Amino acid sequence: MDYDVVIIGSGPGGYVCAIRCAQLGLKTAIIEKYNNLGGTCLNVGCIPSKALLDSSEHYHNATHNFEKHGIDTSAVKINMKQMIARKNDVVNQTSDGVKYLMDKNKVDVHYGLGSFVDKNTVKVTDEKGKESTITAKNVVIATGSKPNYFPGMEPDKDRIITSTEMLNLEKVAKNLIVIGGGVIGLELGSVHARLGANVNVVEFADSILPTMDSAVSKELTKVLKKEGFKFNFNHRVQNVENTGKGVVVTALNKKGEEVKFEGDYCLVAVGRKPYTEGLGLDNAGVKMGERGMVDVDDHLKTNVDGIYAIGDVVRGAMLAHKAEEEGVFVAELIAGQKPHLNYNLIPGVVYTWPEAAAVGKTEEELKAEGVKYKVGSFPLKALGRARASMDILGMVKILADAETDEVLGVHMVSARAADMIMEAVTAMEYRATAEDMARICHPHPTYTEATKEAALAATEDRALHI
Ligand code: FAD
Ligand code: NAD
């Protein structure tokens, strides 16, 4: 065999798996079909979307908030070409960083489409069509996902677009129709709303972010309406038409009536689907699961000995940090260790402003499971830190077991919630009670005081500042 481990796909799942394999002394190679490493996350996902969210937030602050701070910025203008160019620089630097990490860890990189010949042999076809084969004792499938869509809303990549095209749009949309009030719709919708677009969300469910705690979706709905979002819930999209000058989206509302939405662009953001095209899974005998996913057991093993799968291509949350943890898990398993991964404590973040973040069970889940629980909430507006920065929208909500006081879920909408949620993840990993969290000294003035106050409220309804 040429290698101990070959990984197909260089996203956060694949490249982190490669590094951990190399650290454990395994001879490792990675195959990537594009010339840039880093997968969806680095190239068309997490990193470019956050780069544009930061740029648009600066513009929004300059045009809406600087004056209140006593800073006159009367001639602020958008230069969309430069905004996209800066985003591309960030992407390229990050992708080069992954190549550096592969070299540093002596992981061989093979550029080209990886395709199984048999369970231990993978053919690599480069962009010029040149083929080579490599053999390995173990193969890890880390081929990720692609945007999903349903009949009638097929993206034409011109005006009917997915997140991939939206991240390169060098114009600000005037009237953006977003199909799907999930994470992508709200994040990329926010970018254009802050730059001045009217954003109209057409959502099949009765709220945004339907899988998050309803307190988060309600609070964020209020926040985004203030930013200029319009929401059309319980709407089933039938058809999207590119008229040449714009788009017309036809949907059925709850009563079954036809409703039309007009805009200049339509962002299709109705989820993502696992990507296995061209992988030749049949040649290795790998079994597929539901909805195009690769079927794996609790140890991320497929039905074929020595073949594993991780990240967006398998069940579970489609998140970069979940893919990374699975990459480490599989590397350690192959090296003979006994790794552990707590799927209940994978945090989720929505990078709107304020941000939304959560870990553990939602109130709806606890109700459905028949668990007796207590709730403690605290509004950001009661914090001095929030008033100082004028980030007064949001709340922190803590759910704790009614008998044992163990924290079961933490949900928040707050400035810097993406970073604040880690306190809750750490506490819950150590099975902290609400009282444990409430008794920890939190620095003043910080947004984290809202977490302490919510924990106090959950403990004995004894929040101090409200
Ligand atoms: P991917 O990152 O999809 O990587 C798979 C790689 O495999 C790709 O490079 C692909 O080219 C390659 N590949 C596929 N087939 C083959 C083949 N046959 N041969 C060779 N190579 C192949 N998640 C977060 O946690 N936080 C965020 O803020 C966030 N923001 C996002 C924003 C957007 C707009 C999008 C679209 C996604 C975002 N995500 C975010 C989700 C995140 O990007 C994914 O969960 C993550 O990238 C999954 O990692 P992965 O390694 O499983 O697959
Ligand atoms: P999503 O699952 O978050 O949201 C899709 C939304 O579309 C849901 O609200 C759903 O009810 C709605 N929907 C589904 N079918 C519909 C239809 N026919 N008409 C109208 N609405 C419909 O998916 P997404 O926003 O496309 O994101 C894809 C994945 O990427 C997610 O799994 C997410 O985890 C990941 N992602 C994560 C981040 C982050 O962590 N900050 C950011 C972006 C993307």
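## Polar contacts of the ligand

A polar contact is a pair of N or O atoms within 3.5 Å; within protein, one must be able to donate a hydrogen and the other to accept it, and residues adjacent in sequence count only if both atoms are side-chain atoms. The model is predicted, so local features need pLDDT of at least 70 and side-chain atom pairs count only at pLDDT 80 or more, while totals for chains, interfaces and linings use all residues. Residues are numbered from 1 along each chain as its sequence is written, ligands are numbered from 1 in the order in which they are written, and side-chain values use heavy atoms, with hydrogens and water left out.

A backbone N or O atom of Pro-12 lies 3.4 Å from an oxygen atom of ligand 1, and for Gly-13 the corresponding distance from a backbone N or O atom to a ligand oxygen is 2.9 Å. Asp-312 contributes a polar side-chain atom, 2.8 Å from an oxygen atom of ligand 1. Taken alone, the ligand exposes 1000 Å², of which the protein buries 94% (Shrake-Rupley method, 1.4 Å probe).

## The surrounding shell

Around ligand 1 there are 38 residues, counted when one of their heavy atoms lies within 4 Å. Helices (H or I, at least four residues) and strands (E, at least two) are DSSP runs, numbered from the N terminus, and α2 gives the most to this shell, with 4 residues.

## Cysteines

With a disulfide taken as a pair of cysteine sulfur atoms within 2.5 Å, the count comes to 0. Cys-17 is in no disulfide, and the nearest cysteine sulfur, that of Cys-21, is 4.1 Å away.
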